[in-house]
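Trainee: I am new to this structure and would like to be guided through it by question and answer. May we begin with its open spaces and then turn to its strands?

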Amino acid sequence: MTTIVKSVDVEVPVHTAYNQWTQFTTFPRFMAGVRRVDQLSDTMTHWDTEIAGVHREFDARITEQRPDERIAWRAVDGPEQSGVVTFHRLDDTHTRVHLQMEFEPSGFTELAGAALGLVERRVQGDLDRFKTFIEARGQETGAWRGHIARPPQAGDVRFTEHGPGPVHRPGQSPAR
């Protein structure tokens, strides 16, 4: 598994940067190799990409979304990929956009690209183009301010009328 962590500071308020990132259909304007992104539902997107001559289409599920804070996703088909983008208010007019992504390179081209740092440079280039795009506009092209709660993880505690208790996955028996 390859992990990429990159950031860019943009000269727009946090809500503007976040709102623009929710507009997945605009990603081809600043993400190299992304031909099209379709928003299928609040939590599903369909991606059409071509990177280094390799054409790929896949669906991704938004696993968590908190306005002005974070958007997390995971591919539901194709090679394994997941990530999170977070938005950090630096001051009233500046925001740090921080991206962490994990993916499993497949095939010679992707393995070589990951090993040579080409994927990291591509991701930083995408963030730099996002900066240029949003700063030139000065405002977002749209916004989705909905909240998607992350799925519970093992060890999480939830509060019920009986007090705190561990969260159990469907089909999982509580520990005795």
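This is a predicted model: local features need pLDDT of at least 70, side-chain atom pairs count only at pLDDT 80 or more; totals for chains, interfaces and linings use all residues.

Trainee: What is the volume of the largest pocket?

Mentor: Rolling a probe the size of a water molecule over the atoms shows where empty space is left. For the largest pocket, the computed volume is about 950 Å³.

Trainee: Which element supplies the largest share of the lining of the largest pocket?

Mentor: The lining of this pocket comprises 37 residues, and Thr49, Ile51, Gln81, Met101 and Val119 lie nearest the centre. Several elements supply at least two residues each, among them β3 (44-51), β4 (54-66), α2 (107-115) and α3 (118-137). The largest share, six residues, comes from α3.

Trainee: How many nonpolar residues are in the lining of the largest pocket?

Mentor: The lining residues can be sorted by class. Five are polar and seven are charged, while the nonpolar residues number 25.

Trainee: Which strand gives the most to the lining of the second largest pocket?

Mentor: The second largest pocket holds about 330 Å³ of space. It is lined by 16 residues, with Thr63, Ala72, Trp73, Arg74 and Gly83 the closest to its centre. At least two lining residues come from each of β4, β5, β6 and β7. With four residues, the strand that gives the most is β5.

Trainee: How many charged residues line the second largest pocket?

Mentor: Here the classes are again listed separately. The lining has six nonpolar and five polar residues, and its charged residues number five.

Trainee: Why is β3 largely enclosed by the rest of the structure?

Mentor: A residue counts as buried when its relative accessible area is under 20%. β3 has eight residues, and it is largely enclosed because the number of them that are buried is six.

Trainee: Which residue in β3 stands opposite Val34?

Mentor: Strand β2 (residues 34-39) pairs with β3 in the antiparallel sense, over five bridges. The two strands form a hairpin with four residues between them. Opposite Val34, the residue in β3 is Thr49.

Trainee: What is the bridge partner of Thr45 in β4?

Mentor: β3 and β4 run antiparallel and are joined by eight bridges. Within β4, the partner of Thr45 is Ala60.

Trainee: Which residue takes a positive phi in the hairpin of β3 and β4?

Mentor: This hairpin has two residues between its strands. The phi in question is near 50 degrees, and the residue that takes it is Ala52.

Methods. Residues are numbered from 1 along each chain as its sequence is written. Side-chain values use heavy atoms; hydrogens and water are left out. On a 1 Å grid over the protein atoms alone, a cavity is a set of points where a 1.4 Å probe fits but cannot get out, and a pocket is an open set with protein on both sides within 12 Å along at least five of seven lines; lining residues have an atom within 4 Å of a point. Grid points are joined across faces, edges and corners, and a volume is the space filled by probe spheres set on the points. Ala, Val, Leu, Ile, Met, Phe, Trp, Tyr, Cys and Pro count as nonpolar, Asp, Glu, Lys and Arg as charged, and the others, Gly among them, as polar. Buried means under 20% relative accessible area, exposed over 50%, partly exposed in between (1.4 Å probe, protein chains only). Two strands pair if DSSP finds at least two bridges between them.
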